Amino acid sequence: MSQPAPPSASGRTPAWRYAIGMFGTSLPINMIKGSMILFYVDILGLDVRAYGVVMVVYAIIDAVDNPLLGHLSDRTRSRFGRRRPWLLAGAPMLAACMIAFFSAPASLQGIGLLLWFAVFAILCEAFDSMLNANYGALLPELYPLERDRAVANGLRQGFQLVALVISLAVTPLLTTEVFGTEESTQGFQITAIIYGTVALVVIVFMALGARESPRYSTRERPRLLPSVWSIVRNPMFWRVGLTGACYGTAMALVLSGIQLYVRYSLGLPVVNALYLQGIVILVSAGGLVVWTRVIARRGALWTWRLAFAVLAASFAALFFATDLVTAIAAGVLVGAGWSGMLATNDLIVARVLDADAARNGQHREGLFLSAFGFFGRLNGIVTGLALTSLGVFFGYNSGADPGADPGLAFRVYLCVYPFVLTTIGALAARLISVPSETPPEAVEPPPAAAEPMEPPR
């Protein structure tokens, strides 16, 4: 039995159906990242030093298991495809772990609270890695031509922004006003149950509609060590990966600290984070259309460099905000820079994947994307150390022991650290060159020779 022919144009996965999966993958993990400090440190009283240690450990574990999960995905051969089995298995596990993460018993203290936080933080990040390694690997496979890829990427970033509006901007309202109070945890648990259920339904819907190409599932399965060695010897991997990590880590700091920035730096109730985050995300959503047009005229690489510079400038503006109005004004600039990075960063990475496939004759997007994810997963170390530094420099140890000036502490956390990172990224991006077009070899994989297929495993 010979390899099936590639799907016709009419049999391809609609861009909107693939893109909606980003809503499902973004909703739970961004609630976790956006609320974990408020929930565990400020409300439950977990010491920031213990929090920082856990974040360092979990980042190291996640950086190691991320490439392994991607490699296992590349080697999967089943009648359901390479990526879908992992998506269908990971979605319910992430939903369950997120609900447990925000269901820590109020009676837990000390080592018990620390262990609960550590176990479920690590599990949530592991299942998020499983989902994103496989979901991200579908983009270059389902849409090999860059014009189709740009449309699908623009749509999925739009869905991600919708998820961010809900998971970041609306969450404080739900957790502290609708389902709970600013000092209780009940609202977090109810919100997590709702988000987890919605994410599960969306991811399953997307996965069942993804039509993977059988031609990418070659008979020869990539081996782990040779594949890893080939990737780490690729200079583009290090240049693009480390530069992208500057952007990813900066945004991780913003997502984790925005609610406490509003509480301490602006002196407002946490619910006001709804307005600040909402305007940033809305500007980002509208900016996707503008940035996509800039990409069409000037190319992804030029646009990527410009977006980096805009994002760096925005954090300087945010540092000087004194109230909600001036913070929202600075947030408009943050949204513009962030939108540009959303529109371009994955396109830069996809070009590196295409070049690797053309050079090696194997489609190992799962491992390659997970290897790129290694840099992003290490942002947990930076965020953990950054939060711990607030205790060292400003005396902020927890909500019960906030120190003399928690307002300045969270200005530094949310503005100064991201400014430094994105400035480094903007300078590094000027020195990076990537393939300007999708290599023809990566668009159409060479047809496999007619030979018996292995039975599904």
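**View 1. Contacts of Asn30.** Asn30 is in contact (heavy atoms within 4.5 Å) with Leu164, Ser167, Leu168 and Leu255, leaving aside its neighbours within four places in sequence. This is a predicted model, in which local features need pLDDT of at least 70, side-chain atom pairs count only at pLDDT 80 or more, and totals for chains, interfaces and linings use all residues. Residues are numbered from 1 along each chain as its sequence is written, and side-chain values use heavy atoms, with hydrogens and water left out. Asn30 is found in helix α2; helices are DSSP runs of H or I with at least four residues, numbered from the N terminus. With a relative accessible area of 7%, Asn30 is buried (under 20% relative accessible area, 1.4 Å probe, protein chains only). Its side chain reaches the backbone oxygen of Ser26 at 2.9 Å.

**View 2. Helix α2 against helix α7.** Helix α2 (residues 21-43) packs with helix α7 (residues 186-209) at an angle of about 160°, and their axes are 7 Å apart. Axes are lines fitted to C-alpha atoms over the stretch in contact, and angles run from 0 to 180 degrees between N-to-C directions. The two helices are therefore roughly antiparallel (angles over 145 degrees). Residues that meet here include Phe23, Leu27 and Met31 in α2, and Tyr195, Val198 and Val202 in α7. By class, this contact has 15 nonpolar, five polar and no charged residues.

**View 3. Val271 in a loop.** Val271 lies in the loop between α9 (235-265) and α10 (273-298). Val271 counts as buried, at 14% relative accessibility. Not counting residues up to four places away in sequence, Val271 touches Pro172, Leu173, Thr176, Glu177 and Glu182. The C-alpha atoms of Val271 and Glu177 are separated by 7.7 Å, although these residues are 94 residues apart along the chain.

How values were computed. Angles under 35 degrees count as roughly parallel, over 145 as roughly antiparallel, 65 to 115 as roughly perpendicular and the rest as oblique. Ala, Val, Leu, Ile, Met, Phe, Trp, Tyr, Cys and Pro count as nonpolar, Asp, Glu, Lys and Arg as charged, and the others, Gly among them, as polar. Buried means under 20% relative accessible area, exposed over 50%, partly exposed in between (1.4 Å probe, protein chains only). A polar contact is a pair of N or O atoms within 3.5 Å; within protein, one must be able to donate a hydrogen and the other to accept it, and residues adjacent in sequence count only if both atoms are side-chain atoms.
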